[in-house]
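Me: I am new to this structure and would like to go through it step by step. Could you show it to me first?

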Amino acid sequence: MLIKTKPSWEIPFSQITPQRTYRSRREFMVGTVAAGAATLLARRSALAALPVTGGLDYRPGQPIPGEELTARELVTSYNNFYEFGTGKADPAKYAGSLETRPWEVGIGGEVANPAVLQLDDLLAAHPLQERVYRLRCVEGWSMVVPWIGIPLGEVLKRFEPTSKARYVTFETLLDPEQMPGQRRAVLDWPYREGLRLDEAMHPLTILAVGLYGEVLPNQNGAPLRLVVPWKYGFKSIKSIVRIQLVESEPVTSWVQANSHEYGFYSNVNPQVPHPRWSQARERRIGEGGIFAPKRPTLMFNGYGDEVASLYTGMDLRRYF
Ligand SMILES: Nc1nc2c(c(=O)[nH]1)N[C@H]1C(S)=C(S)[C@@H](COP(=O)(O)O)O[C@H]1N2
Ligand SMILES: [Mo]
């Protein structure tokens, strides 16, 4: 719609100023045209590794009313990615050397058409979409990020889940040579996560390949990471190499590490505290330092209208 003659990934969302750009489509287009040629070239090289999709119908994301995007510099420098260290600055410092091409992804288990595919082939059939989502970490901070990705459900459908498939498991790359954090037993590597099939098929659940209009920086989980906006951040597993459809609830890395503190569901829920701290409030990264007032945490991270029905009749204290 914006640029018909160019592949979607050339739409320069990268330098978007939080909030302002989203206010008016017209303003944005004018701004785009005015952007200098040098900047455009720089963006294009950063975008070059995004998969070439049919994606002329690339859909820009809707802003979240009353919320500003978290600055790109913060989204890409304050990270959890234990494969590169447990400090917030470690991933930005050490993940840069991760080789993200070629990248194979295996999709198997209870599907009619299991396959191991090159990532770009896996994505080729799917136009990229932008989704502006809150990400809320169980540690008590949150961000608002313009992700670029594709709905996970659309990918899964192509592999035809069998009638036995009830859950989906995901695995991060296991490669201690490239991921120094895996040389220490911080977690049982590779990092594993899981969703119930209906959660995985929900249209809000995406596989992300970019943010702020550019290829995903390695520290954010390149080349392919999950984003499940109504769950705590640790469910959004990074650098995925394997997706499997299974019959029974998988044991995820965090549940295995401490099932008392981390549950399989991990839906954002201000009423169910982590055993060691409250989940009632959160600090929005970039908002006025550690003395800024915290925000109240919203049930299902604010996505209740869309997802609450997935949990009708479930005791969310028991299934936390
Ligand atoms: N493989 C892997 N995935 C991971 C993690 C990790 O340590 N390893 N950390 C999780 C946690 S705790 C959070 S809050 C988010 C952070 O995503 P971001 O760095 O893009 O903000 O990634 C999640 N995915
Ligand atoms: Mo997290």
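Me: Is tyrosine 212 buried or exposed?

Reply: Tyrosine 212 is buried, at a relative accessible area of 2%. Buried means under 20% relative accessible area, exposed over 50%, and partly exposed in between, with a 1.4 Å probe and protein chains only. This is a predicted model, in which local features need pLDDT of at least 70, side-chain atom pairs count only at pLDDT 80 or more, and totals for chains, interfaces and linings use all residues. Residues are numbered from 1 along each chain as its sequence is written, chains are lettered from A and ligands numbered from 1 in the order in which they are written, and side-chain values use heavy atoms, with hydrogens and water left out.

Me: Where is tyrosine 212 found, and what is its phi?

Reply: Tyrosine 212 is in the loop between strand 7 and strand 8. Its phi is near 50 degrees, a positive value in a residue other than glycine. Most residues other than glycine have a negative phi.

Me: What is the phi of glutamate 160, and is that residue buried or partly exposed?

Reply: Phi of glutamate 160 is near 55 degrees, also a positive value in a residue other than glycine. Glutamate 160 counts as partly exposed because its relative accessibility is 45%. It lies in the loop between helix 7 (152–158) and strand 5 (167–172).

Me: How many helices and strands are there?

Reply: The protein has ten helices and twelve strands. These are DSSP runs numbered from the N terminus: helices are H or I with at least four residues, and strands are E with at least two.

Me: Which residues are joined by a cis peptide bond?

Reply: One such bond joins arginine 101 and proline 102, with omega about -10 degrees. Another joins alanine 222 and proline 223, with omega about 0 degrees. Proline 102 sits in the loop between helix 5 (90–94) and strand 1 (104–109), and proline 223 in the loop between strand 8 (214–215) and strand 9 (225–227).

Me: Which residues is leucine 226 in contact with?

Reply: Leaving aside neighbours within four places in sequence, the contacts of leucine 226 include Leu152, Phe170, Leu195, Ile237 and Ile240. Contact means heavy atoms within 4.5 Å.

Me: What is the volume of the largest pocket?

Reply: The volume of the largest pocket is about 470 Å³. Of its 28 lining residues, Asn80, Phe81, Tyr191, Gly233 and Phe234 are the closest to its centre. A pocket is an open set of points on a 1 Å grid over the protein atoms alone, where a 1.4 Å probe fits, with protein on both sides within 12 Å along at least five of seven lines; lining residues have an atom within 4 Å of a point. Grid points are joined across faces, edges and corners, and a volume is the space filled by probe spheres set on the points.

Me: Which strand gives the most to that lining?

Reply: Strand 4 gives the most to the lining of the largest pocket, with four residues.
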